[in-house]
Amino acid sequence: MLHVPSPLGTLQLTSTENTLFKACFLENGPETDSSTLPACLTQAAKQLEEYFAGQRHSFDVPLHAQGTAFQQQVWQALQQIPLGRTDHYLGLAKRMNNPGAVRAVGVANGANPWMILVPCHRVIGAQGQLTGYAGGLRRKQWLLEHEAKMAGTYQTTLF
């Protein structure tokens with residue numbers, strides 16, 4: 001386990017020996033000695049630092065995908081939403097050729113264990129409104145604005 005500081009609070013990263021198992025926000029977390037950590041944790045921490053500095057647009061950390069086949073399909077679809085762009089649950093369901101699975105897509109999106117690395121924050125309401133995010137709506141808005149700036153699509157008022 002590794003605690004990584006960010007502009008939005010501390011991220012707790014958990015891994016197996018070779019794959020990232022989970023990334024979630026904590027309000028406070030102790031620093032961890034990185035010399036004894038699996039390489040995937042230090043790789044994830046470095047990539048998150050680069051992301052928050054505006055230098056990284058995507059992640060290539062090996063992920064430990066433990067979920068149903070449907071959840072994994074949704075998590076793959078989330079990774080196809082480009083930086084600086086958003087989608088909504090119906091859009092994801094349609095891209096997965098399953099437009100009737102809107103609610104199931106929402107549940108799978110909410111079960112995403114890799115905050116930021118698998119960009120569930122890029123999913124907003126069909127009318128453009130912010131919808132739930134396990135890290136809180138203020139963090140979701142910050143992430144979307146940060147990514148819009150990196151992508152050059154930032155507007156004065158995003159929502």
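**Reading a hairpin and a helix pair**

Modeller: A hairpin joins β2 to β3 through 4 residues. This is a predicted model, in which local features need pLDDT of at least 70 and side-chain atom pairs count only at pLDDT 80 or more, while totals for chains, interfaces and linings use all residues. Residues are numbered from 1 along each chain as its sequence is written, and side-chain values use heavy atoms, with hydrogens and water left out.

Colleague: How many bridges join strand β2 to strand β3?

Modeller: Strands β2 (residues 10-15) and β3 (residues 20-26) run antiparallel and are joined by 6 bridges; two strands pair if DSSP finds at least two bridges between them. Ser-15 has Leu-20 in β3 as its bridge partner.

Colleague: What describes two packed helices?

Modeller: Two packed helices are described by the angle between their axes and by the distance between those axes. Here helix α2 (residues 69-78) packs on helix α4 (residues 102-110) at an angle of about 80°, with the axes 9 Å apart, and the two are therefore roughly perpendicular (65 to 115 degrees). Axes are lines fitted to C-alpha atoms, for helices over the stretch in contact, and angles run from 0 to 180 degrees between N-to-C directions.

Colleague: Which residues of α4 are buried, and which are exposed on the other side?

Modeller: Val-105, Gly-106, Ala-108 and Asn-109 are buried (under 20% relative accessible area), and they line one face of α4, because they fall within an arc of 165° seen down its axis. On the other side of α4, Arg-103, Val-107 and Gly-110 are exposed (over 50%).

Methods
Angles under 35 degrees count as roughly parallel, over 145 as roughly antiparallel, 65 to 115 as roughly perpendicular and the rest as oblique. Buried means under 20% relative accessible area, exposed over 50%, partly exposed in between (1.4 Å probe, protein chains only). The arc is that of the directions from the helix axis to the C-beta atoms.
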